[in-house]
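Please examine the sequence and the model below before reading on.

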Amino acid sequence: MEQMFNVGKIVNTHGLMGEIRVISQTDFADERFAVGNELFLFAKDSKKPEKLVIKTHRKHKNFDLLTFEGIIGINNVERMRDGMLKVPESQLGDLEENEYYFHEIIGCEVYTEEGELLGTISEILTPGANDVWVVQTKGQKDKLIPYIADVVQSVNIKDKKITISVMEGLFD
């Protein structure tokens, strides 16, 4: 079977008509959750993934709300709670230069231009204008790195190594 990648975690149902509330874990939520796209549900109590086709998608607060073709009503989506929505590698597509999938960045080691290891990227936040990479450090609190040209100097996906410029005030 093809490698699968997480795109969202189902955290709850929403309303009575069969909408689910998803915390997005994908780089391009609007594209990934577009009407007609296929996702695979990996439910907590199931051994086999279930193929789903998106019927509706809308944003509500910090969540993506989805419905699926042929699945109507809260009773039919309750079983999906705590499940993971995934896509196969073949659905990832090519990216522009200096664009990366979350799974390519998470796990990379981050170094300063002087060669000092800061830590490893543990997650990516998407607050608005640019992504923020969370760097897990040893014995210190996590560091937040904005993904902007002034800070991120190089990204080597193959070697899982990122070099940054530590600007004044970056970690204050």
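Predicted model: local features only at pLDDT ≥ 70, side-chain atom pairs only at ≥ 80, totals over all residues.

Residues are numbered from 1 along each chain as its sequence is written, and side-chain values use heavy atoms, with hydrogens and water left out.

**Nonpolar cores**

In soluble globular proteins, nonpolar side chains tend to be buried together. A nonpolar core is here a set of buried Ala, Val, Leu, Ile, Met, Phe, Trp, Tyr and Cys residues joined through side-chain atoms within 4.5 Å. Buried means under 20% relative accessible area, with a 1.4 Å probe and protein chains only. The largest core contains 21 residues, and among those with the most contacts inside it are Ile20, Phe33, Leu39 and Phe68. Two or more of its residues come from each of β1 (4–14), β2 (19–24), β3 (38–42), β4 (50–60), β5 (63–68) and β6 (84–88); strands are DSSP runs (E, at least two residues) and helices likewise (H or I, at least four), numbered from the N terminus. The largest share, three residues, is that of β1. A second, separate core has 16 residues, including Tyr100 and Leu118.

**Ile10**

Ile10 lies in strand β1. This residue counts as buried because its relative accessibility is 1%. Its contacts (heavy atoms within 4.5 Å), not counting residues up to four places away in sequence, include Ile20, Leu41, Met80 and Leu85.

**Pockets**

A pocket is an open set of points on a 1 Å grid over the protein atoms alone, where a 1.4 Å probe fits, with protein on both sides within 12 Å along at least five of seven lines; lining residues have an atom within 4 Å of a point. A volume is the space filled by probe spheres set on the points, which are joined across faces, edges and corners.

| Largest | about 590 Å³ | Ser24, Gln25, Thr26, Phe102, Ile124 |

The lining of the largest pocket has 14 nonpolar, seven polar and seven charged residues. Here Ala, Val, Leu, Ile, Met, Phe, Trp, Tyr, Cys and Pro count as nonpolar, Asp, Glu, Lys and Arg as charged, and the others, Gly among them, as polar. β1 gives the most to this lining, with four residues.

Methods: Buried < 20%, exposed > 50% of the residue type's maximum accessible area, 1.4 Å probe, protein only.
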